[in-house]
Amino acid sequence: MKIIALILLLIASSAFAGELGFAQREDRLLITHGGQPLAEYVFRDAKIPRPYFAKLHAPDGTQVSRNFPPVAGTDATDHDTLHPGLWLAFGDLNGVDFWRNKGRIEHVRFLREPRVEGGRVAFAVEEKYTALDGREICRGVNEFAFVAGDTLKPAQPGTLILWSTTLRRGEGPLVFGPQHEMGLGFRMATPLIVKGGTGSIAGSHGGRNETGNWGRIGSWWNYSGTVGGRHAGILALAAADNARPVWAHARDYGFLAMNPTGPPPGAKDVPSLPFTIPAGEPLRMKFGLLLHASPAPLDAAAAAQAAGAELKAWKTDAEPAARKSAASAPRAVPTFECMSLYWDVPEGAAAKICAVKFRAVGETDWREAQPLWFDAKHRQYRGSVVNLRAGTDYEFSLALADGPSAAVTARTWSNTFPIAATTVLPKGTTREPLRITDGGSAEKGYRLYTAAPEGTTIDVADAAETCVSVEADYVILRGVTCRGARVDGVRVGNRHHVVIEGCDISGWGRRDAKAGQTAKLGGQEVKFLDNLGAYLDAGIQVGGPLSAPACEQIVIQGNRIHHPRHTANNWTQASPYFSTGGKLSTHPQGPDAIVFAQQTRGRHVIRWNDLDGGDYEHMFNDALLAAEPKGNGFMGDGDIYGNRIAHCWDDGIEAERGDRNVRIWGNHFSRMIKCVSAGYIWEGPLYVWRNVAEELLYPHEMPAHNGGLSPFKAHPPCFLPPPQEDPKEQRDGVVFVYHNTLLAGAGHPAGWVFNAWPPHKYVSPGVRLISRNNVWQTRAYPAYFNTPNPEGVNYAVRDFDRSYFDQDYDLHSGVITPAATAGAHTRQGEPLFAKGHGPGTAGRYQLAEMSPGHDDAMRLANFNDDFQGQQPDRGAHETGAAELQYGTALWLRSFNPQPQARHGWRWLSLACGCGLNEFKPLSVWSGTWRKRLKLPQTLFSFVTATPNSAITTTTPANGTMWPPIPQTPTASIKCALPSPKRGKAMSSPTTRLPKPRANDRISQP
């Protein structure tokens, strides 16, 4: 029998003869054996936030892992994104669940590029383990080698995957929590599983199947069965010299994982024992997996011995090389007008400046940008380059003085979204909600859902939770009026590449269950507002379940979000949501204009919207909420700009906790308490520049609105509550505040600009807030944090520690305390405005020439390159710049045609610069749309381009330009056609043109 088995093995081995090879794609490696598929190593996936192997085959072509994605009717479809094939993950690593995709394992780089060497395919990668809120947990280095089974001793009928992993955390211990779903896992092909298949699980200790293997320590396990007359499966083993033994998490439904956390303390499914790796120390583990198939059953013990010998002899050294290596390649993440830059440099330091230069591809001259900020915890330089052109390729040069340098090229997003298909919604009003389940794709483009030319209104009259639900990727929703949603006006689920534009949303939200009721809180009886709204109901709600945080690249532009059905309480009124344990809280609750889920993948843009509650009976809690205790929904690499934001009892923009390369600029704030809330910056940097705030609410007078409990004495309105240290999270970022203007108009005094939160102490070294070139016009407030201000001192900045707050070149009317906090170029005084400029001028905020702050600001590379005069001006509005615009006015300007006409005797060609999206059926050429009209001899010479309807002439040949955008203005052009006889323009709009003579030429456009 042994001779027969040996003969069969030799026959099988010869059948598997062939070289190992690979092909590299943008997001994966295709591993082959003898030219046939062996495995796919996927290192970037939009849905699965960790690298993995899929489509595993034995060298004879027998598939040994489950189909990916699983095929309904053929495979069990459970855990489709958790069990892709073969993977390494941990269910509790410093409190983050990477197994269930509630954390990200990001492919950083190939430490060793894939290669064929000595008959093997080998490569090494560096990975970064991060929480969904952006915290880095640790770094990992994986080394792989694919070894032909016929080279083992003795030869084996398969391909051996050698896998070495090293995990290391720089600061603080690496804690493996009590989770049984940890380690190296794989999912078997359906025919090979135990339950419902032909398979069995054999362990080195003699255990069989799930009951004999779950929770038991072993050196190897063979999960195998028969298919197509072949004995096939996966033999998995751990290196004998691993620092920790492994036990099997084995399931009859086709799953097995080798768990290094030590045996579970009790019965099956009881969590395993936790353990800790000290800070800076590595956890090294090596594994082997033999993908096998042969006519005879595998001698698992002999195969494990052969594979184990190969695993022991395998030399790995990528992790030490990664720690010693110089900087990795930089990474660029674009949006329309900005670029996030990331550069991991082990030898970096805060004192080592990372200079940045950039230029558009094809340009000769380099431009300077602000140096990147250094994150000492993660040994990473990062920051943003701003004021870029959309749809443009840029080169970026990064360099440390007397250190490494690097370059990266990337393209900003185009303002033109490619349209794969268009659905025109029914005209008029419907009571039925719209559920969008069909989207586009990266290859074909977006699917556009657009209002009818006559207009489309979805008014569900409180009969449905939402007016529109977006449940697909690559979707554009345009021009729809949404009314009466019970909870959220528009919902964008766990999706990516979604655009909501030109919509009008109002009348959404639930009444709080306790609204109008009385309760005893804090020793007093209080009554909740009759019209109090539920917490976090939103005009647009973005995000999905935390178990699958795929939400990314959401664009919200040109929308009017206003007048929710209910209102928020102000800071003098009781909140049932925030009042817990019998304690009274007056923190506002109620509806929001836009809410992002607790955690997303970021890369969102919110621009050119009107976010306005409307009046004191329809106040927002926050206009834009992107922060919750578990993390920032807006996350990173995103922009909020050009919005008009008003009527909030709390924050205009609450952007806390994440803010990794988030940019907030060019917004207008009014009638709120705080403009930009940045209480915790976990990552940074956050950039806040050229915003204008005026007519802020005066909290001391809140009882006048809806009957407050008592005067609000905590703090006055402020521009930006600054970042605090987070003792629990131990994370501190940085915020840059440049060229903003805060105005105290008549009857609307502005309080302080920045305030330190008592009794909080800033104990960690390092600057967290950098303020330059701002204009802060403030007025005295009766109390500061419940401390009366009987002397009426006007504080601009109060109780800051200089080591935390770096302020200079600002103009402020109030005092700064302590005085040492003020920089040498800080000026105290009242700003004077140019004629026709100042508070209440709706877009005109330029300083007068004699004003302090005029022409004396600090030069900030990339942030004020377009200044006029000797130096930039302080504040948001540079002298000589165009009038500032906000909200849908900016959006409509983008759609307001600037018509041009060329014409002959019988034709008229119109070209209108639109610059944003492609509107079918008209063709697009160089960012404009063109329409050639064939005209009869009679034509009115006055042609009107009306985006809401059509290009209007007196002929029947009218052409619709695009589906209507609400409130789009009319653009007109006079086109006097030439006289064929004299070549002069005809003045009469109704003149009949003579027929051209035979020898006359008609010019072409």
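Contact here means heavy atoms within 4.5 Å. The model is a predicted one, so local features need pLDDT of at least 70 and side-chain atom pairs count only at pLDDT 80 or more, while totals for chains, interfaces and linings use all residues. Residues are numbered from 1 along each chain as its sequence is written, and side-chain values use heavy atoms, with hydrogens and water left out.

Take L686 to begin with. Leaving aside residues up to four places away in sequence, L686 touches D659, V662, I664, A678, I681, V734, V735 and F736. L686 sits in strand 53, residues 686-689; strands (E, at least two residues) and helices (H or I, at least four) are DSSP runs, numbered from the N terminus. With 0% relative accessibility, L686 counts as buried, that is, under 20% relative accessible area, against over 50% for exposed and partly exposed in between (1.4 Å probe, protein chains only).

Eight strands make up an open, antiparallel sheet in the order 6-7-8-9-19-15-14-12, where two strands pair if DSSP finds at least two bridges between them. Strand 6 (103-117) and strand 12 (200-203) stand at the edges with a single partner strand each, so one side of each has no neighbour in the sheet. Inside the order, strand 9 (residues 158-168) and strand 19 (residues 282-294) pair over eleven bridges, and L160 has L290 in strand 19 as its bridge partner.

As for cysteines, the structure holds zero disulfides, meaning pairs of cysteine sulfur atoms within 2.5 Å. For C503, the nearest cysteine sulfur, that of C482, is 5.5 Å away.
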